[in-house]
Amino acid sequence: MKILYKKKFPTGKRTVYFLSVPIFTYSQKKMVNKFDFIGKARQLGVRIGEDCQFTDMPNFGSEPIFIEIGNHVLLSFGICFVTHDSSTYACHSFFNDPKKVHNKLGKIKVGNDVFIGCNTTILPGCTIGNKCVVGACSLVTKDIPDGEVWAGNPAHFITTTEKLAKKKEQNSQTEFQQKLFQEQAAFKQQLLEKELKKSQ
Ligand SMILES: CC(C)(COP(=O)(O)OP(=O)(O)OC[C@H]1O[C@@H](n2cnc3c(N)ncnc32)[C@H](O)[C@@H]1OP(=O)(O)O)[C@@H](O)C(=O)NCCC(=O)NCCS
């Protein structure tokens, strides 16, 4: 006889029973919510299009409502959106009217079909166009036109997205790389299963 078992309900809730007595109920949704970075970002006020992926929770700073992200955008980990500049905090003694606020505030817009590499920071007022790639660890200080690959600190033009696509197509994954990807996918699956077990 099973003395400890779980019963699944159509609502997605699970109840743990001990000797047929319900001990506790938990929501499967809780687990899903943990990784719902887009849902969380929308709750903060960020406008996000369709078919986007966030590798982890970006830092949307103090004005998430100033941030707009288009369709089919992949944000890697460690992305930081900065929508204001507080450097004037150090300058007030030089201002004619020290009480007047001179802070820069600016909206950030990311177009459609964009990839932003890990640990990138985007400064106030910048627009990243459609079909753009931003390389890892970049600091975006100005607008990036449609169809371009930018990287570096400060980010600068590297190539066009079309040329990058052709290059990637030519140097398609080797067998060794494919194996690495498969290993990583299997490891991720294990981690997820562990997390699920922990939350039960
Ligand atoms: C920008 C990027 C897409 C370019 O790819 P690529 O064309 O295959 O890269 P290459 O190694 O051929 O580099 C091309 C040039 O750009 C420079 N470069 C590439 N990535 C750069 C980066 N992140 N910052 C600064 N310069 C960079 C290289 O130094 C090289 O310059 P050179 O021609 O003067 O030697 C890639 O380097 C990158 O940053 N990808 C994102 C990685 C990432 O964030 N992964 C997380 C996944 S979720």
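Modeller: Of the 200 residues of the protein chain, 18% count as buried, that is, have 20 or more other C-beta atoms within 10 Å of their own, with exposed meaning 12 or fewer, partly exposed in between, and C-beta atoms placed from the backbone. The model is predicted, so local features need pLDDT of at least 70 and side-chain atom pairs count only at pLDDT 80 or more, while totals for chains, interfaces and linings use all residues. Residues are numbered from 1 along each chain as its sequence is written. The average pLDDT (the predictor's confidence in each residue, from 0 to 100) is 87 for the protein chain, and 84% of the residues score at least 70. Residues 1–11 stay under 50 and have 11 contacts beyond four places in sequence; a contact means C-beta atoms, placed from the backbone, within 7 Å.

The protein chain has four helices and 18 strands. These are DSSP runs numbered from the N terminus: H or I of at least four residues for helices, E of at least two for strands. Two strands pair if DSSP finds at least two bridges between them.

On that basis, six strands make up an open sheet with mixed pairing, in the order 5-7-12-15-17-18. Its edges are strand 5 (53–54) and strand 18 (156–160), each pairing on one side only. Within the sheet, strand 7 (residues 73–75) and strand 12 (residues 114–116) run parallel and are joined by three bridges; one of the partner pairs is Val-73 with Val-114 of strand 12. Strand 17 and strand 18 run antiparallel, with four bridges, and here Val-149 has Thr-159 of strand 18 as its bridge partner.

The hairpin of strand 17 and strand 18 has four residues between the strands, and Gly-152 takes a positive phi near 105° there. Pro-154 also belongs to the loop between these strands, and the peptide bond from Asn-153 to Pro-154 is cis, with omega about -5°.

Helix 3 (residues 161–170) lies across strand 15 (133–134), strand 17 (148–151) and strand 18, at about 55° to strand 18. The angle is taken between N-to-C directions, on a scale from 0 to 180 degrees, of axes fitted to C-alpha atoms, for helices over the stretch in contact.

Asp-51, in the loop between strand 4 (47–48) and strand 5, has phi near 60°; Asp-51 is exposed, because 11 other C-beta atoms lie within 10 Å. Lys-131, in the loop between strand 14 (127–128) and strand 15, has phi near 55°; with 18 other C-beta atoms within 10 Å, Lys-131 is therefore partly exposed.

There is also an open sheet of three strands, with the order 8-13-16 and parallel pairing. Two bridges link strand 13 (residues 121–122) to strand 16, where Val-140 stands opposite Ile-122.

Key:
Contact = placed C-beta atoms within 7 Å.
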